[in-house]
Amino acid sequence: MKNLTIKSILFVITLSCSLNQAHASDDNLYQALGGEPVINTITKELLDRILNNEKIAFLFEDTVRDELHEKIVSQICMETGGPCVYEGLDMIETHSGMDIKYSEFDVFVSDFIDAMEAAEVPYRLQNKVLAIFASMREDITYE
Amino acid sequence: MRNFTWLFIFLMFASTLQAGSRQLGTGAVMQVEGSSGSGIVPWATIAGYGESDETDFTGAYTFLGTDDYEFEAHGVAVGWHNRLEFSLARQSFDLDTLGPAIGLPGATLRQDVFGLKVRLAGNLVYTKMPQIAFGVQYKKNKNFLIPGLVGARDDSGVDYYISASKLFLAKPFGFNGFATVTLRSTEANEIGLLGFGGDLGSRHINVETSLGLFLNSSWAVGFDFREKNSNLSFATESHWRDVFLAWIPNRHVSVVAAYADIGDVATLTDQKGFYLSINGSF
């Protein structure tokens, strides 16, 4: 029994160490991107695209651009390990009732890639950012 | 030359239309039997770029020239809702050396392949699990004289395959890697160009694999391997392999150049050569 407890404690320590490590490498991603100025540029480029893309613009009809800008910046900042706290609703709540299709999600991702390209984010960093957001597809879409 | 003219017209036409919304490269390219995949291996991908409410059409022309043979394939495919794929490929295999040697100058082996593929689960890019698909290729040999003479039993056959494909975002080293493993049940001799079954047996289960890496958003490099078996005692078959370079400038066009090694084919040894495939999608 005692042995098991020790093992459990070791397991939890190992797990939290590995989580910390993961966080440390995310921290580098925020820095590698160029911090808040670059994330601001990416977000501006993204909004220029999605708000004018006839395939998905209607999804943002009820949002105010400045508020959306702020939310996206803080989310990218937090997810890449920057010193921000995203305070909006989570991805499921934010998109519930919007019936977002897979194709619309993909159109958004394409615009996001183009936005990172416009912000001169190197290809390999783009992929690292996409890897973080790709897993959110099921939370955002309704299929 | 006529092929290229038609292809050019097709590509001009294709680029005026809309393509589906899936990410660049996720439609893969048309493999030699008409299915979505890489040069010689079918992947779990559905042809074109259509998502669950979109349908895309793809056409491709493929050429492989070795020392003693010339292979050509024309194919069309439709990818429906990123769920189903129908394809048709017409293959021809010119026996440049063998034909004259057996008193049949100009001899060509021909085959049509009808393909059906269904995506069963997963998404190539977005899910942790790989994309998994089941496919069927019905093959009809159109010129059975030579296959019959060398001992093939049937002029038609069905290949069944199950395939798992995955794109690894930012892996390795920040690049996007991709991998496919396909298990195929087949009785084809030289993919069916030499008929089906023979004196040494008939159905086998073979492993095929494809590995590669996107160097940037429009260039990819990779490697294919396809296990083969010998049903005909007159000549052993070799496993096939190739290394490829793919250029995917947009959702309408992709070009694959490869160096393929198809080994010993119908008694002629060490067949290697350049492979070129041009795809259009809309």
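**A tour of salt bridges and a helix pair**

Select A:K101 and B:D53: they form a salt bridge, with the closest N and O atoms 3.5 Å apart. A salt bridge is a side-chain nitrogen of Lys or Arg within 4 Å of a carboxyl oxygen of Asp or Glu. This is a predicted model, in which local features need pLDDT of at least 70, side-chain atom pairs count only at pLDDT 80 or more, and totals for chains, interfaces and linings use all residues. Residues are numbered from 1 along each chain as its sequence is written, chains are lettered from A in the order in which they are written, and side-chain values use heavy atoms, leaving out hydrogens and water.

Helices (H or I, at least four residues) and strands (E, at least two) are DSSP runs, numbered from the N terminus.

Buried or exposed? Buried means under 20% relative accessible area, exposed over 50%, and partly exposed in between (1.4 Å probe, protein chains only). A:K101 counts as partly exposed because its relative accessibility is 34%. B:D53 is partly exposed, at 34% relative accessibility.

Next, select B:E51 and A:R137. Their side chains meet in a salt bridge (3.5 Å, N to O). This pair also crosses between chains, from the loop between β2 and β3 of chain B to helix α7 (residues 137-140) of chain A. Both B:E51 and A:R137 are buried.

Move to B:E237 and B:K228. Their salt bridge spans 3.1 Å, N to O. B:E237 and B:K228 are both buried.

Now pick B:E33, B:K139, B:D159, B:R184, B:E208 and B:R226. Salt bridges link them in a network. Over all chains, the count comes to 21 salt bridges.

Last stop: helices α5 (residues 102-118) and α6 (residues 123-134) of chain A. They pack at an angle of about 150°, with their axes 11 Å apart. So α5(A) is roughly antiparallel to α6(A) (an angle over 145 degrees). Axes are lines fitted to C-alpha atoms over the stretch in contact, and angles run from 0 to 180 degrees between N-to-C directions.

Which residues make the contact (heavy atoms within 4.5 Å)? On α5(A), show A:F105, A:V109, A:F112, A:I113, A:M116 and A:E117. On α6(A), show A:Q126, A:V129, A:L130 and A:F133. By class, the contact has eight nonpolar, one polar and one charged residues.

Notes. Parallel < 35°, antiparallel > 145°, perpendicular 65-115°, else oblique. Contact = heavy atoms within 4.5 Å. Nonpolar A, V, L, I, M, F, W, Y, C, P; charged D, E, K, R; others polar.
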